[in-house]
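Here are some exercises to work through with the model open beside you. Try each task before reading its solution.

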Amino acid sequence: MSNESRESLRSQVYWEDVAVGTELPPLVKGPFTVMELAKFGAMIGDFYPTHYDHKWATEKDRVPAVIVYGLQMTVHLSQLLTRWIGPDGFLRRLKSEIRSPTYVGDTVTLRGKITAKYVIGNEHLADCEVWGEKQDGSIVERGSATVVLPSKMAA
Amino acid sequence: MTAEERRLYEGYRRRLGKEFTPRHTHGMFVPLFEGEPVTKSRIATWAAVTGDDNPLWSDDTYAARSRWGGIIAPPLFLLTVNDGAAPGAQLVGELYEPAPNPVLNLKAYPTYRGAMQAEADWQFFEPVRPGDRIAAVARCTDVFWKQGSRFRLMFCMGETVYTNQHGRRVALCRNGAVYMFKRMP
């Protein structure tokens with residue numbers, strides 16, 4: 001990792017810094033490769049062949065190409081959030097739904113926007129809508145998240 | 001609903017509410033590391049495989065300065081303990097031919113056309129840390145039919161609770177499998 005990206009990760013976002021409508025820094029994932037999918041499959045123990053075997057995907061499942069794991073797409077959304085909330089933030093909740101399949105060779109840009117901020121007890125929280133867009137602009141997944149952010153007041 | 005579909009539906013309904021330890025039994029899955037202590041290297045491998053270069057997962061010095069005081073695991077590292085999909089996957093053994101051949105069992109279920117995931121809802125209560133031993137307990141929570149645009153859809157919903165060695169819940173995953181069936185003529 002470059003020193004520059006280390007520094008940007010070190011910078012901490014505070015609850016006071018964000019407002020409804022604030023956009024999260026986008027995260028680009030891909031182009032996805034079969035090797036990447038195979039490694040992911042090994043980590044989660046899922047070896048359904050449509051995630052690594054082109055012949056299986058196109059002939060048995062009759063899809064255009066090897067399909068990215070749905071769980072991998074959820075992981076990408078979680079990374080959009082954990083990068084943004086910094087080392088002192090915490091991802092409290094992530095709801096997500098796949099809207100259309102993502103294939104090997106695709107690139108997905110993860111985006112998000114703050115929809116609410118509030119305090120419950122000692123916790124400073126923000127809700128976000130999050131989504132993933134394919135290179136052609138189509139939405140491949142959508143969801144919502146709640147994050148805990150550090151507060152300057154508490155610090 | 002055909003007679004076979006009713007059998008599947010009733011089979012899932014009978015499972016509702018009963019807690020079980022999620023274990024993959026079909027040959028297209030392999031067992032994971034449930035209960036084994038989480039290690040820094042396993043966290044680092046997960047981060048590398050998922051293309052996540054956040055130093056909070058791997059850099060002791062960096063992580064020591066965070067509110068956590070040390071390395072933690074990314075939230076969905078829990079997928080390496082259990083993928084959270086076990087409740088919905090309870091019907092896989094019936095809908096697919098015996099392991100290790102993951103072909104649709106069209107002889108027994110001629111209207112079956114494949115599966116996809118329902119919306120997943122993850123809640124996280126505290127981070128997983130190196131040394132933790134995480135256990136997962138699952139249960140089936142609901143089963144219902146919906147009419148999709150191309151298929152009839154059977155939603156098999158469930159939840160998985162992840163607990164650490166202190167007996168504290170670290171996460172709750174609610175999700176489900178959506179089984180697609182041919183429309184009736």
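**Exercise 1.** Find the residues in contact with A:Val147, leaving aside neighbours within four places in sequence.

*Solution.* Take contact as C-beta atoms, placed from the backbone, within 7 Å. A:Val147 then meets A:Leu81, A:Ile85, A:Gly89, A:Phe90, A:Leu91, A:Arg92, A:Leu125, A:Ala126 and A:Cys128.

A word on conventions: residues count from 1 along each chain as its sequence is written, and chains are lettered from A and ligands numbered from 1 in the order written. The model is predicted, so local features need pLDDT of at least 70 and side-chain atom pairs 80 or more, while totals for chains, interfaces and linings use all residues.

**Exercise 2.** Work out which class A:Gly30 falls into: buried, partly exposed or exposed.

*Solution.* First locate A:Gly30: it sits in the loop between strand E1 (27–29) and helix H2 (34–44) of chain A. Helices (H or I, at least four residues) and strands (E, at least two) are DSSP runs numbered from the N terminus. Next, apply the cut-offs to the other C-beta atoms, placed from the backbone, within 10 Å: 20 or more is buried, 12 or fewer exposed, in between partly exposed. A:Gly30 is partly exposed because it has 19 C-beta neighbours inside 10 Å. Beyond four places in sequence, its contacts are A:Asp106, A:Thr107 and A:Val108.

**Exercise 3.** Describe how strand E2 (residues 90–98) of chain A is joined to E3(B).

*Solution.* Strands pair if DSSP finds at least two bridges between them. Here four bridges join the two strands, which run antiparallel. Finally, look across from A:Lys95: B:Asp121 in E3(B) stands opposite.

Notes. Two residues are in contact if their C-beta atoms, placed from the backbone, lie within 7 Å.
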